[in-house]
Amino acid sequence: MNFLALIGSVVLAFLGHLGRLTIFTATALSHCVRPPIYPRLIGRQMIDIGYYSLPVVGLTAIFSGMVLALQSYTGFARFAAGSETAVANVVIISLTRELGPVLAGLMVAGRIGASMAAEIGTMRVTEQLDALTTLSTNPFKYLVVPRLIAGFLMLPVLVLVADIIGVFGGFIVSVYKLGFNPAAYITNSYDMLKALDVISGLVKAGVFGFLIALMGCYAGYYSKGGAQGVGAATTNAVVSSSILILTFNYIITELFFGT
Amino acid sequence: MTDVPKIRLRDVRKSFGAKRVLDGVNLDIAKGESVVVIGGSGTGKSVMIKSIIGILLADSGVIEVDGQDVTQIPANNRDAVNRKFGMLFQGGALFDSLPVWENVAFGLMQRERMSRAHAKERAIETLAKVGLSADVGELSPSELSGGMQKRVGLARAIAGEPEIVFFDEPTTGLDPIMADVINDLIISCVKQQGITALSITHDMHSARKIGDRITMLYEGKLIWDGTAKDVDSSGNPYLDQFVHGSAEGPIKMQVRR
Ligand SMILES: Nc1ncnc2c1ncn2[C@@H]1O[C@H](COP(=O)(O)OP(=O)(O)OP(=O)(O)O)[C@@H](O)[C@H]1O
Ligand SMILES: [Mg+2]
């Protein structure tokens, strides 16, 4: 094919996707504020996203906190004697601001985004979405809205837990491996922490949770062509929500802390 | 009012890309009538039903339900029309995240805001009509055999007592005895509850039994329309070939030898 034509068709396809995603998002949001709302389904999604992701997110957080303490100590010990304060600070600030939300977001994208895309995608290719419509139930209200709301609400909770577990991981390494004073470590952590650090992390988490659910539902909703199509939708959901998480992470950081 | 057909199709066309599936379909179905569409595999029977219930959008033509052109209704306003419909999907399309009884009760709870307990009672009654016991209601659809899934789909289609039901191959995959039970069930829906039915089937025995009228879809058009009695004396070579299930005749299957 002509090279320019190839570029053109790729750009057109991209714009087409973008337009479809925009309409999808707008439709979903408009259904969020119009009854009927399904509290039962929201509850089930909240348990799925929040409770069942706890082990994955917790493990990620504790090892990240531990390695963070270890690495930053190696770094700081080369320069200064006051490394005890610095390690505590680095661990808690990088966890609350960046690593907590981003790592939890990426893990949940792999777990939840994929399963949403697979579930809704399977419903699409087995005509269950059509069956919903003929039973006077809007798939947006019944499937998409509960997932968006649950994602938006539960990710901040997960991140809060991840922050605490991560700091605990850093604490363990610092105290038992590096021989820091436990009480001093906690004071150092606590003194440095500003409310804004935690808040910015939670705002990120809410946005990430929304994005994960959105991309999972979107990929599933437009999947076609049997098992292979559902597989592709799952991959798309995870890849696109991961990229969006990293992009929005930068944008939100810029909004909060950029000067 | 009685002259307004329940369903009226005029010159309905639908293509997928270059492939023309419906090429000017005309059909009138009166209230309380049971019409059976027959035709070869892949001729567009399912597409025709899906166009009527609005899952697929016809490219052109008129589709009227109770005299109202449903192709002109915006998607977010279709609800009032959809309420009149019950649909048995060819592949079942059961919700696999819900137990069987909730599948059957789904329309009752969603459309009619019936309480769960009450809807469950109704679901179990409906399941009994298709020969399934109450304990089947607690299973998940993936735990059922193909024929049982079909019957659950059937129960879901008729549970809400719709005005019009579409059956896409209601007896495919059932044993002859159960197939006949289902035929009787469809007949009782139409005769006793005054439901209008549009069924698709390949099973000529079933077609003759449930159809007040039989019509045949071939190359995008309904090429024959008549009562079950006239099927054998139609003189239409396409219909004759289909009814006798013969490989010889004007209909050429797209297979290589
Ligand atoms: N969503 C779709 N996209 C593209 N092509 C489609 C789609 N749905 C149906 N078709 C095509 O339309 C034609 C008619 O399909 P349809 O499902 O209506 O057949 P059918 O008459 O119901 O056959 P069967 O008796 O085997 O169920 C087929 O050739 C199919 O390939
Ligand atoms: Mg079909």
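This is a predicted model: local features need pLDDT of at least 70, side-chain atom pairs count only at pLDDT 80 or more; totals for chains, interfaces and linings use all residues.
User: What is the strand order of the open sheet of six strands?

Analyst: The order is β6-β7-β8-β3-β9-β10, in chain B, and the pairing is mixed. To find the edges, look for strands that pair on one side only; here they are β6 and β10 (221-227) of chain B. Neighbouring strands in this sheet are turned by 15 degrees against each other on average, direction ignored.

User: How many bridges join β9 and β10 of chain B, and in which sense do they pair?

Analyst: Strand β9 (residues 213-218) of chain B pairs with β10(B) in the antiparallel sense, over six bridges.

User: Which strands of the six-stranded sheet does helix α1 of chain B lie across?

Analyst: Helix α1 (residues 45-53) of chain B lies across β3 (34-38), β6, β7 (164-168), β8 (196-200) and β9 of chain B. Relative to β8(B), α1(B) runs at about 150 degrees. The helix also lies across β1, β2 and β4 of chain B, at about 65 degrees to β2(B).

User: Those strands belong to another sheet. What is the order of the open sheet of four strands?

Analyst: It is β2-β1-β4-β5 in chain B, with antiparallel pairing. The edge strands are β2 (19-29) and β5 (68-69) of chain B; each has a single partner strand, so one side of each lacks a neighbour in the sheet. Inside that order, β1 (residues 7-16) and β4 (residues 60-65) of chain B pair in the antiparallel sense over five bridges. I7(B) stands opposite V65(B) in β4(B).

User: Is F166(B) buried or exposed?

Analyst: Burial is read from relative accessible area, and a residue counts as buried under 20%. F166(B) has a value of 0%, so F166(B) is buried. The residue is found in strand β7 of chain B.

User: With which residues is F166(B) in contact, leaving aside its neighbours within four places in sequence?

Analyst: Setting sequence neighbours aside shows what the fold brings together. The partners of F166(B) on that basis are I7(B), I49(B), I52(B), I53(B), F85(B), G86(B), M87(B), L88(B) and L198(B).

User: How many cavities of 30 Å³ or more does the structure hold?

Analyst: There are three. A cavity is read by volume, then by lining. The largest has a volume of about 120 Å³. Of its 18 lining residues, the closest to the centre are L135(A), G86(B), R111(B), R156(B) and A157(B). The elements giving two or more residues to this lining are α5 (128-134) of chain A together with β6 (85-88), α3 (100-111) and α5 (146-159) of chain B. The largest share, four residues, comes from α3(B). By class, the lining has ten nonpolar, four polar and four charged residues.

User: Which residues line the second largest cavity?

Analyst: This cavity holds about 50 Å³ of space. Its lining consists of V57(A), T60(A), A61(A), S64(A), L95(A), L99(A), G100(A), L103(A), A104(A) and A162(A). Two or more of these residues come from each of α3 (54-77) and α4 (83-125) of chain A, and α4(A) gives the most, with five. The class count is seven nonpolar, three polar and no charged residues.

User: Is T60(A) buried or exposed?

Analyst: T60(A), in helix α3 of chain A, counts as buried because its relative accessibility is 18%, against a cut-off of 20%. Apart from neighbours within four places in sequence, T60(A) is in contact with L103(A) and M107(A).

User: How many helices and strands does chain A have?

Analyst: Chain A has nine helices and zero strands. Of its 259 residues, 47% count as buried. The C-alpha atoms fill a box of roughly 70 × 50 × 35 Å along the principal axes. Among contacts in chain A between residues at least 6 apart in sequence, 84% join residues at least 24 apart.

Technical notes: Residues are numbered from 1 along each chain as its sequence is written. Chains are lettered from A and ligands numbered from 1 in the order in which they are written. Side-chain values use heavy atoms; hydrogens and water are left out. On a 1 Å grid over the protein atoms alone, a cavity is a set of points where a 1.4 Å probe fits but cannot get out, and a pocket is an open set with protein on both sides within 12 Å along at least five of seven lines; lining residues have an atom within 4 Å of a point. Grid points are joined across faces, edges and corners, and a volume is the space filled by probe spheres set on the points. Ala, Val, Leu, Ile, Met, Phe, Trp, Tyr, Cys and Pro count as nonpolar, Asp, Glu, Lys and Arg as charged, and the others, Gly among them, as polar. Two strands pair if DSSP finds at least two bridges between them. Axes are lines fitted to C-alpha atoms, for helices over the stretch in contact, and angles run from 0 to 180 degrees between N-to-C directions. Contact means heavy atoms within 4.5 Å. Buried means under 20% relative accessible area, exposed over 50%, partly exposed in between (1.4 Å probe, protein chains only).
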